[in-house]
Amino acid sequence: MQQIFHSIDKGISPGCFQLEISIEDLSTFIMTSIDGIVRDVVLQKCYGVFSNDQVQFDEIRLMNTLCKSVLLLLGTNEGED
């Protein structure tokens with residue numbers, strides 16, 4: 001997490017990123033999103049929660065979606081398809 005935030009700070013200074021929200025809100029969004037993804041994937045894969053085909057969590061897709069969201073919130077067009 002520290003490396004992620006260091007890279008974001010490094011990109012803000014020269015103007016590579018144009019934040020759409022505050023850095024504090026972005027940090028909170030990233031941390032809570034990762035925590036939620038990890039929690040739900042562990043609950044599903046290790047404990048059988050959501051095992052009745054309600055939802056199938058794909059951690060790779062979820063993390064890719066988070067990455068695209070963060071890039072868009074950083075004001076880049078890298079997150080767009």
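Trainee: Hi! At what angle do α2 and α3 pack, and how far apart are their axes?

Mentor: Hello! α2 and α3 pack at an angle of about 170°, with their axes 11 Å apart. Axes here are lines fitted to C-alpha atoms, for helices over the stretch in contact, and angles run from 0 to 180 degrees between N-to-C directions. Keep in mind that this is a predicted model, where local features need pLDDT of at least 70 and side-chain atom pairs count only at pLDDT 80 or more, while totals for chains, interfaces and linings use all residues. Residues are numbered from 1 along each chain as its sequence is written, and side-chain values use heavy atoms, with hydrogens and water left out.

Trainee: Roughly parallel or roughly antiparallel, those two?

Mentor: Roughly antiparallel to each other. Angles over 145 degrees count that way, under 35 as roughly parallel, 65 to 115 as roughly perpendicular and the rest as oblique.

Trainee: Which residues of α2 and α3 meet?

Mentor: On the α2 side, L26, F29, I30, S33, I34, I37, V41 and K45. They meet E59, L62, M63, L66, S69, V70 and L73 of α3. Contact means heavy atoms within 4.5 Å.

Trainee: And how do α1 and α2 pack?

Mentor: Helix α1 (residues 2-12) packs with α2 at an angle of about 150°, and their axes are 12 Å apart. That makes α1 roughly antiparallel to α2. I4, F5, I8, D9 and I12 of α1 make the contact with I23, L26, S27, I30 and M31 of α2. Helices are DSSP runs (H or I, at least four residues), numbered from the N terminus.

Trainee: S27, then: buried or exposed?

Mentor: S27 is buried, with a relative accessible area of 16%. Buried means under 20%, exposed over 50%, and partly exposed in between (1.4 Å probe, protein chains only). S27 lies in helix α2, residues 23-47.

Trainee: What does the side chain of S27 reach?

Mentor: The backbone oxygen of I23, at 2.8 Å.

Trainee: Switching topic: how many disulfides are there in the whole structure?

Mentor: Zero, from a search of the whole structure. The cut-off is a pair of cysteine sulfur atoms within 2.5 Å. For C16, the nearest cysteine sulfur is that of C67, 18 Å away.

Trainee: Last one: where is K68 found?

Mentor: In helix α3, residues 59-73. K68 is partly exposed, with a relative accessible area of 34%. K68 and E78 are 10 residues apart in sequence and 7.3 Å apart in space, C-alpha to C-alpha.

Key
Polar contact = N/O pair within 3.5 Å; in protein donor to acceptor, adjacent residues only side chain to side chain.
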